Amino acid sequence: MFPSIIEKIDSLLSSHGFSRERDQESFARARVWVLNDIDWCEHRMPLRLVLPGSFPADPAELFINNEWCLKLPHVEGNGHLCLGTFVDGIDFDQPELAIKRVLDQFEDFLLKCADPQWVNAEFHNERESYWLRHMDMAIPAQLKPPPDLWLQLPRVPEIAACVMPARKLKGRKISFAAPSEENLTELVERYDWEIDKQVAGAALVLYLPEGVPWTPQSWPTTFKQLDDLFIQHAGTSASIAAWLGRKRWTHDVPMYAAVVQGAATCGWYLYQHTWVPRPVPELRPVRVGRIDRTWALCRDHQIDKLDMLSEKRVTIFGAGSVGGALAEALARAGVGGIDLVDTQLFEAENVSRHILGIADARRVKVTRIKAKLQRDIPGINVHAWCLDACTWLRSNAAKARSDIIVDCTGETSVRLALAQYQDAEGLLLARMNVWTEPYGAAGHVVVVTGKDVWPLTDPVDDKVNVARWPADTRVELPGCGHGFHEYGLSDIAPLIGIATAAVLEQLDKPDTTSRVLSHVRRPDFFLGKAPGIKLNREYHFEDGEEAKTLRCDLQKMLYGGKLT
């Protein structure tokens with residue numbers, strides 16, 4: 001890509017004892033040099049420096065013998081040294097600095113490798129990556145690799161398992177494991193996994209304390225070492241040998257042992273030779289992935305917060321572009337239960353602004369969103385109500401009492417019905433109205449809490465909306481009352497973010513006061529869409545500021561305040 005720059009490096013490396021390996025060069029590897037007999041701790045090793053064809057946009061790469069993989073940290077299976085080399089703009093003018101930088105990193109690496117404590121700490125800190133390299137290197141190429149293991153991590157050590165071919169993973173088989181056969185059946189049905197054949201296998205999980213070193217040097221390589229590890233950290237009841245005996249294990253049943261240490265997971269497929277009587281199992285390392293809710297939604301970080309949200313339930317009126325996106329955002333944030341209330345079918349012309357797609361056309365929106373969320377997000381419980389909001393409020397469904405009701409219909413009748421229902425029933429749960437102005441010029445979230453009530457005058461245009469839009473901003477279609485306002489999913493994305501944050505804030509702090517949150521674009525945007533439009537209020541924007549988020553107490557907004 002930059003031949004003149006690479007030529008500069010040719011003369012530099014030649015003068016420092018590197019010899020060029022032309023037979024190793026290719027389009028991707030523009031230059032390859034080797035420096036033989038690097039001395040390190042009584043070892044001698046060659047060092048290869050490779051310039052990619054895109055150098056210096058991509059940094060130079062260093063390679064040593066791949067026999068050092070899993071003996072020294074940061075050495076990949078092909079001998080590549082992953083030292084975190086960065087690119088600097090000055091490299092284009094002075095490419096020799098890029099070479100000096102990577103060689104300095106190598107020298108620093110060799111010095112650190114002389115310290116066993118540093119070596120072990122580096123292995124432990126990136127233990128999962130090294131486990132994957134170990135897995136690839138441990139099984140001879142002529143042997144068929146065992147199925148990977150996907151865990152729905154349980155609260156108890158033992159879990160059930162089944163096997164299926166995973167066509168999306170280059171034909172490799174995967175074993176799915178869940179706390180019980182019922183859980184496993186639910187997983188298979190929920191996520192629409194195609195099971196080729198189901199086998200009643202099992203897996204035993206050890207939760208290894210964080211302080212225990214877990215490095216290539218400490219990994220078990222024999223069944224006895226693995227069994228001793230489980231007994232040492234979980235007691236004799238966790239003996240793998242005794243567990244296999246209780247299971248009356250035969251060679252055609254998939255059995256696994258897995259270790260979970262913090263965010264790191266690794267595992268072994270326990271292989272039994274059929275021609276050896278009462279054989280000692282052979283360990284074959286496997287890749288272990290987690291599909292449980294706490295890992296998928298928070299990576300085990302702030303689990304208490306996820307547990308809190310998992311117990312909450314949100315009702316959303318309207319499953320359109322705003323309501324559908326809000327439901328998905330809340331589900332991915334960890335809200336455990338969502339009620340979707342809408343009667344409409346999804347139409348193909350809404351693909352540009354909705355989370356559903358063309359395959360969902362002419363199907364009920366709430367049922368399709370429910371299917372999507374329950375397929376994509378572990379542990380979410382979605383109830384689809386094919387009712388209009390007012391009917392839902394009158395029905396027994398409303399008695400289930402959500403933690404918050406969010407109206408995303410943008411309809412006056414629904415806002416007033418919700419306000420009246422709250423007043424008549426004396427409910428103290430939070431209510432929220434969410435809508436967007438045409439073109440996504442502004443989006444608003446009104447949160448009504450406690451005994452506060454949204455006025456029957458429905459002061460959307462007078463008190464909340466930024467502008468009074470002319471009628472011709474709505475595109476009319478040849479049908480009774482058919483038409484639309486022009487905007488896409490990207491236009492309402494800021495509103496979805498604000499609404500999601502408002503719901504999560506309310507669930508976390510139910511005593512928060514009533515408030516109005518708005519995302520407003522600068523006046524130029526409004527005037528560009530509708531010349532001569534009248535703004536209800538104007539806000540100061542700094543130079544270069546395209547939009548701002550504003551917040552105001554609801555009572556101040558209704559009775560004389562303004563967004564700030």
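This is a predicted model: local features need pLDDT of at least 70, side-chain atom pairs count only at pLDDT 80 or more; totals for chains, interfaces and linings use all residues.
Below is a friendly tour, starting with the cores and moving on to sheets, a helix and some loops.

**The nonpolar cores**

- The largest nonpolar core has 58 residues, and those with the most contacts inside it are Leu49, Phe109, Ile240, Trp268 and Leu270.
- Helix 2, covering residues 95-113, gives the most to this core, with seven residues.
- Apart from that core lies another, of 40 residues, which includes Leu326, Leu330, Ile404 and Ile498.
- If you click on Trp268, you can look for its contacts beyond four places in sequence, among them Trp131, Trp214, Pro220, Leu226 and Met255.
- Trp268 is also in contact with Leu283, Arg284, Pro285 and Val286.

- Strand 14 spans residues 337-341 and is mostly covered, with five of its five residues buried.
- Gly337, Asp339 and Val341 point one way from strand 14, while Ile338 and Leu340 point the other way, and all are buried.
- Strand 13 (residues 313-317) runs parallel to strand 14, and five bridges join the two.
- Within the chain, Phe317 stands opposite Val341 in strand 14.
- Strand 14 also pairs with strand 17 (residues 381-385), again in the parallel sense and over five bridges.
- Here Leu340 stands opposite Ala384 in strand 17.
- Strand 13, helix 10 (residues 321-333) and strand 14 together make a right-handed β-α-β unit.

- Met432 belongs to strand 19, which covers residues 430-436.
- Met432 counts as buried because its relative accessibility is 0%, and buried means under 20%.
- Leaving out residues up to four places away in sequence, Met432 touches Ile404, Ile405, Val406 and Asp407, and also Val445, Val446 and Val447.
- By contrast, 42 Å separates the C-alpha atoms of Met432 and Ile159, which are 273 residues apart along the chain.
- Tyr439 is found in the loop between strand 19 and strand 20 (442-448).
- Although Tyr439 is not a glycine, it has a positive phi of about 65 degrees.
- Tyr439 is buried, at 12% relative accessibility.

**Helix 5, side by side**

- Helix 5 covers residues 181-190, and Leu184, Leu187 and Val188 are buried in it.
- These three lie on the same side of helix 5, because they cover an arc of only 95 degrees around the axis.
- As background, an α-helix has 3.6 residues a turn, so residues three or four places apart point the same way.
- The face of helix 5 turned away from its buried side carries the exposed residues Glu182 and Glu189.
- After helix 5 comes Asp192, whose phi is positive, near 60 degrees.

**The region listed by UniProt**

- An unreviewed UniProt entry lists residues 44-137 as "domain: Prokaryotic E2 family B".
- This span is 43% helix and 13% strand, and its end C-alpha atoms lie 23 Å apart.

**Loops worth a look**

- Back to Leu70: it has a positive phi of about 75 degrees although it is not a glycine.
- Leu70 counts as buried, at 13% relative accessibility.
- Asp93 is found in the loop between strand 4 (61-63) and helix 2.
- Asp93 counts as exposed because its relative accessibility is 60%, and exposed means over 50%.
- Asp93 and Pro56 are 37 residues apart in sequence, with their C-alpha atoms 9.7 Å apart in space.
- Pro56 lies in the loop between strand 3 (43-52) and strand 4.
- A cis peptide bond joins Phe55 and Pro56, with omega about 5 degrees.
- Gln272 has its place in the loop between strand 10 (264-271) and strand 11 (282-286).
- Gln272 is buried, with a relative accessible area of 16%.
- Not counting residues up to four places away in sequence, Gln272 touches Trp249, Thr250, His251 and Pro279.

Technical notes: Residues are numbered from 1 along each chain as its sequence is written. Side-chain values use heavy atoms; hydrogens and water are left out. Helices (H or I, at least four residues) and strands (E, at least two) are DSSP runs, numbered from the N terminus. Buried means under 20% relative accessible area, exposed over 50%, partly exposed in between (1.4 Å probe, protein chains only). Contact means heavy atoms within 4.5 Å. A nonpolar core is a set of buried Ala, Val, Leu, Ile, Met, Phe, Trp, Tyr and Cys residues joined through side-chain atoms within 4.5 Å. Two strands pair if DSSP finds at least two bridges between them. A crossover is right-handed if, with the strands pointing away from the viewer, the path from the first strand over the helix to the second runs clockwise. UniProt positions are given in the numbering used here, feature names are shortened, and annotations may be inferred rather than shown by experiment. The arc is that of the directions from the helix axis to the C-beta atoms.
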